[in-house]
Amino acid sequence: MKIYFSPLACSLATRIALYDAGVDATFVEVDGPSKRTVDGAAFLPVHGLGLVPVLETDDGRRITENAAVLQYIASAYPRAALAPKDAASITELQSWLSFVGTELHKAVYFPLLDKHASAEVRAYSLSKVDTRLGWLASQLEGRDFLLETFSVADAYLFAVLNWSVVTPIVLSRWPAIDRYMARLRERPSIARAVAEEMQLYMRELARRGEALPAAVASRVSQASSANG
Ligand SMILES: N[C@@H](CCC(=O)N[C@@H](CS)C(=O)NCC(=O)O)C(=O)O
């Protein structure tokens, strides 16, 4: 299995799911702006929109879209229990994947991260923050995960909320979300995926001659002092 990804992009959720499932995969890094892999191969022939994640199966099928990629992994590796098995809970999982993909990823976070977004677009996205995150916080109150147990929806939600640090969104305003993120950060699959992709992200910035955003640098130094 091959995964096309960009460091700390939404494709982080795919890596988390694969690590959780204990699956070996080949990770191919894509440079978003140039639409090339870091080895120089064109990425547009792989995905015409140039978006990650793309999962390529061993028999050459390509799966795109976070919700589909994540559900594919959950169903290909059922022993990892990354998705529920009963119909009602599967529907709930799909609701969450859809909520994260549309209400959070695309409506709120993507425009805030897009250097080309206009002030109006950013203002529109910011105007959605309180309702979307307020509602999410109310759903997470008293729960460890979105469903009864950890699922691919948590992996996707983590990858998206993890961008808050480089946006004006301050997650500590919603203690239930803050606690949820702190809990997930401790999960071995997530800790490993974040640490690895942070290194790749720093290398990506260095290649482009860009500085590490101050908020990210401070998180990296907090993490290294916590690790001794
Ligand atoms: N609807 C797609 C969105 C994927 C997406 O937005 N990927 C971003 C990274 S988080 C990307 O590849 N951006 C590159 C670009 O916009 O050119 C999905 O859910 O997979």
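## A walk through the predicted protein and its ligand shell

The protein exposes about 11,300 Å², of which carbon and sulfur atoms supply 54%, with accessible areas taken from the Shrake-Rupley method with a 1.4 Å probe and, for residues, only the protein chains shown counting as cover. This is a predicted model, in which local features need pLDDT of at least 70 and side-chain atom pairs count only at pLDDT 80 or more, whereas totals for chains, interfaces and linings use all residues. Residues are numbered from 1 along each chain as its sequence is written, and side-chain values use heavy atoms, with hydrogens and water left out.

Eight helices and five strands make up the secondary structure of the protein, where helices (H or I, at least four residues) and strands (E, at least two) are DSSP runs numbered from the N terminus. Along the sequence these elements follow the pattern β-α-β-β-β-β-α-α-α-α-α-α-α. The radius of gyration is 17 Å, close to the 17 Å that the globule rule gives for 228 residues, so the protein is as compact as a globular protein of that length; the radius is taken over C-alpha atoms, and the rule is 2.2 Å times the number of residues to the power 0.38. Of the 228 residues, 43% count as buried, meaning under 20% relative accessible area (1.4 Å probe, protein chains only). Among contacts (heavy atoms within 4.5 Å) with a separation of 6 or more, 66% come from residues 24 or more positions apart.

The ligand is surrounded by 14 residues, the closest being C10, K35, V52, E65 and K106, where a residue is near a molecule if one of its heavy atoms lies within 4 Å of it. By class, this shell holds eight nonpolar, three polar and three charged residues; Ala, Val, Leu, Ile, Met, Phe, Trp, Tyr, Cys and Pro count as nonpolar, Asp, Glu, Lys and Arg as charged, and the others, Gly among them, as polar. Helix 3 (residues 87-113) gives the most to the shell, with three residues.

Oxygen atoms of the ligand lie 2.3 Å from a polar side-chain atom of K35, 2.7 Å from an N or O atom in the side chain of K106, and 2.9 Å from a backbone N or O atom of N66. Taken alone the ligand exposes 510 Å², and the protein buries 79% of that.

Helix 3 also contains S89, whose side chain is joined to that of D86 by a polar contact of 2.8 Å; such a contact is a pair of N or O atoms within 3.5 Å, and within protein one must be able to donate a hydrogen and the other to accept it, while residues adjacent in sequence count only if both atoms are side-chain atoms. Not counting residues up to four places away in sequence, S89 touches P84 and L147.

Definitions and conventions: Buried means under 20% relative accessible area, exposed over 50%, partly exposed in between (1.4 Å probe, protein chains only).
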